[in-house]
Amino acid sequence: MRIKGLFLRSRIARRTFAVLLAAALLPLLLFAAVASHAYLSDRDHRQRRAEAEFLKHIGMRSFDRLTAARATLAAYAADGLFDAPALQDPAVKAVLVRVATVGADGATHGELAMAQQWRALPRTAAAPLPALWWTAEQSAQPGRVMLAWPDAGSRGHWLAEVNPAFLFQDFSADGPAATLCLRDAQGRPLRCPQIAAADDPSWHLFLAAGFGSDDWVLHGRHQSPEPALQDGVLRLSLGAGLATPLLVGVLGLMLVRRTLVPLEQLIDGTRRVARGDWQTRVDARRDDEFGHLARLFNAMVARQGRQLQAVTAQAGIDRELLGALDIDKLMQQVLQRLQVLLPQAQLAVLVRRGPEAEAAWQVHRLGQPPVLQSVPLVVAREAAQDGLFVTHDAQRLLPSWIARALPGVADAVTTACWVPALWQTQTVAMMLIGGSTRPALDDDARGEIAALRDRCALAVAAAEREHRLVERAVRDDLTGLFNRHGLHDTCDALLAADPAAQPFALLYLDLDGFKEVNDAMGHSVGDTLLRAVADRMRSVLPPEAVLARPGGDEFVVVLPSGSDALADALAETLCERLAQPFVLRGQVQYIGASVGLASSPVDGTDREELLRRADLAMYAAKGEGRGRWRRYASAMDHEASERAWILRDLRVALDTGGLEVHYQPRLDMCSGRTCGAEALVRWKHPVHGWVSPVRFVPVAEESELIVALGQQVMAMAMVQRRRWRDAGLDVERVAVNVSARQLRDPDFGASVLGMLAHHGLRPQDLEIEITESLFAGDAGLVERALAPLRAAGVQVALDDFGTGFSSLSALRHLPVDVMKIDRSFVIDLGRSSASDAVVRSVIALARDLGKRVVAEGVETALQQQRLIALGCDEVQGYRYAKPLPAEDFAQGAAVGFGALLQAQAVAATGAT
């Protein structure tokens, strides 16, 4: 393209000229836009601030009037007649329009409707007696606002309605708030002369601190004249915008003319290079920047021609590096490129295999299979002398490792050098170059060799990393054992062979007390414990056994070619060894383990089925008391199926209200009075009928459902206790069983007290029943969970006393008020002197500790007589009543469950 005449006919000229104009105009337009935006933003900010201040001013005036109205009511209450309230003083009537009183005995004087409305207001623990309430605006009439004030003589409360003309005078048609709308927190209008728009500003009138009620909200805008627009900046911008394009146009015409001719030559040369003509050159005789650019262009084209082949070769290496990495193939590509750069040299690439201290080196030569040889460690650690090469002294004999790697080199006339490839400061590969003289290379060749060196290092590092990833994929980082993937691979490899010819056993092991240690001492101690367990298990396993940790505190032993007797003996040994104590941070911890056994092919030839059945056997061992082992039996599948439908349908029952609570009375031994009731959950399944708690409660304990189950039973028991109280039924307290999982919740105490308050019950109306086994774990956790309840007055009972963990020294500190004797000690009373002695000791111990005693499971007259004679406080059992629905319990309590007990007590007293 030649430039002739008016050169603005050229497209590039027009574009360049247009860009120059745009470069001048765009900043001016941007400056004008920014200035206008800044001015308008500042105006809007001032207006919003003025509106916010106005809303705050009106709101504080309304708050002050509310405060003045309350002060007026307080002054009037101090002097007024409580039994005959009436507004006489005009000054008071200007503030208050109606008045009433509500006595402490419920008597009402004055405005009856207002008193009834106040009584109907909801009460909360935070505001048991509302001090401020209101009704919404209706038919353009302002909302009615009422106040309550306690009588100074404790006779009751004064109630008064605030005069709307006084309270809402700012909202009148000529008032300053005529354009505002006052609403409560629920959006109901109190005084709304004009409906506010959705985007209008608002301000909250905080009434919680002064009146204990929800906020009022002001909406709307204060009408004020808009500030005048200052357009001096805009006029200045317009003048500058008109002058600048003229100047830019003149200068741009001159600049475009001097720029286009050399630029055309560079464009033409670039097009020829794009077509693959690497011999292209452009005129570089100018002395300005374009001449310098032309010379650089020519040098670049010449250099790029030489580098294109290098890039192509390196791209092939990179494809191999990023694909399915094959070290042998990749090193052959490296050798091919080295041979192009050094056609007269003999070449080899050495690749490290294994850790540095014990590495063997794999020698790759062009067109030959790799071989292994050793390299002195001092050589591998030698640094490059010139940043790239390490050169062997030609005056010395060729080292033996070089002679083996390059066997065709004559010792007398050869020099050698190598390029170490480093990864994380260690030499992982070496490119070995041999010849009669040291290679002379330009910068480009040295750069390409350096690039090949780096690719060798990256390839070796990637291969090693891939090996580590494969190892990590099947190994547990914590213990070094096989993880779940490694376990599956081991089982699949054994099952791939003929199962009949290669039987094996699976031992599925779960630690019994790990969670308690982990929760009490922290995860780091838990990790230490898992490593100690793994070490102890390794010490007892035969060499051919495979140990895996699929997750958590579970371990699996794969015992190939083992007989049933050997597997049984190993399971017994593991239970015994893991029952021995572990010392963690100076503390002795006992955990134990439960083991389940399954064998192939007897119990299955599918990996998942074998693991599932071994897991079932382990759960069976846990269910029988933990710390033992069990072999899989077909009946366990039925138990697992039952556990599955119980878990599924129990969750549905909890969500749909399918559970019931029955109540078993507790009777006072002396009077026979019904002094309490124990709440016991019952479940009537739509298909299976009544499901015993013995079946579904342990399943809930194993899952998190026990928390929801406990909360629902407690809520139902509290509702029923409130109904009994409202019906006049005299039941001192209702007892609810609490699980260990519920006590682990740090908010358990506060939640229970909140439920009591919600149902209008006293803490003395509730008794919490816990078992001794809770204190075998973190006793401090149990004490902390129960402390706020006991401080509030909730009773705590120790259920099934004597069957769990309670040392005599610990009994003094247990946070309980009631000790319940388990029915296993009561059942033989009167027939066994040992049972009599145990119960007598428990009652005496409770007396000394200041605790009440309740005997459970009383069924016979003989048991009753012995308990009366031994001085038991309370009893419960089938002799008096089984657990009953709430209606049947109420009927029995009204008649008296203790009639028979009273008769027996009278007879026993007469006999003595």
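Where is the place of Leu26? Leu26 lies in helix H1, which covers residues 11-79. The model described here is predicted.

Leu26 is exposed, because its relative accessible area is 54% and the exposed class begins over 50%. Together with Leu25 and Leu29, Leu26 makes a nonpolar surface patch of about 290 Å².

**Strand E15 and its partners**

Strand E15 spans residues 426-435, and nine of its 10 residues are buried, so the strand is largely enclosed by the rest of the structure. E15 pairs with strand E10 (residues 346-353) in the antiparallel sense, over six bridges. Within that pairing, Val349 has Met431 of E15 as its bridge partner.

E15 also pairs with strand E14 (residues 415-423), again in the antiparallel sense, over nine bridges. Here Ala421 is bridged to Ala429 of E15. In a regular strand, side chains alternate between the two faces of the sheet.

E14 and E15 form a hairpin, with two residues between the strands. Gln424 is in the turn of this hairpin, that is, in the loop between E14 and E15. The phi of Gln424 is positive, about 55°, although the residue is not a glycine. Gln424 counts as exposed because its relative accessible area is 65%, whereas nine of the 10 residues of E15 are buried.

**Other backbone features**

A positive phi also occurs at Ser154, a residue other than glycine, with a value near 60°. Ser154 is placed in the loop between strand E4 (145-150) and strand E5 (156-162). With a relative accessibility of 62%, Ser154 is classed as exposed.

A cis peptide bond runs from Ser600 to Pro601, and its omega is near 10°. Pro601 belongs to the loop between strand E21 (593-600) and helix H16 (607-623).

**Disulfide and cysteines**

How many disulfides does the structure hold? The structure holds one disulfide. A disulfide is a covalent bond between the sulfur atoms of two cysteines. In this model the bond joins Cys181 to Cys192, with an S to S distance of 1.9 Å. The link of Cys181 and Cys192 is left-handed, with -115° about the S-S bond. The pair links distant parts of the chain, 11 residues apart: Cys181 is in strand E6 (residues 180-184), and Cys192 is in the loop between strand E7 (189-191) and strand E8 (202-205).

Are Cys181 and Cys192 buried or exposed? Cys181 is buried, at a relative accessible area of 0%, and Cys192 is buried at 9%. Both values fall in the buried class because that class is defined as under 20% relative accessible area.

| Residue | Relative accessible area | Class |
|---|---|---|
| Cys181 | 0% | buried |
| Cys192 | 9% | buried |

Technical notes:
Residues are numbered from 1 along each chain as its sequence is written. This is a predicted model: local features need pLDDT of at least 70, side-chain atom pairs count only at pLDDT 80 or more; totals for chains, interfaces and linings use all residues. Side-chain values use heavy atoms; hydrogens and water are left out. Buried means under 20% relative accessible area, exposed over 50%, partly exposed in between (1.4 Å probe, protein chains only). Helices (H or I, at least four residues) and strands (E, at least two) are DSSP runs, numbered from the N terminus. Two strands pair if DSSP finds at least two bridges between them. A disulfide is a pair of cysteine sulfur atoms within 2.5 Å. Patches are made of residues with over 30% relative accessible area and no salt bridge: like charges are joined within 9 Å, nonpolar side chains (Val, Leu, Ile, Met, Phe, Trp, Tyr) within 5 Å. Accessible areas come from the Shrake-Rupley method with a 1.4 Å probe; for residues, only the protein chains shown count as cover. A salt bridge is a side-chain nitrogen of Lys or Arg within 4 Å of a carboxyl oxygen of Asp or Glu.
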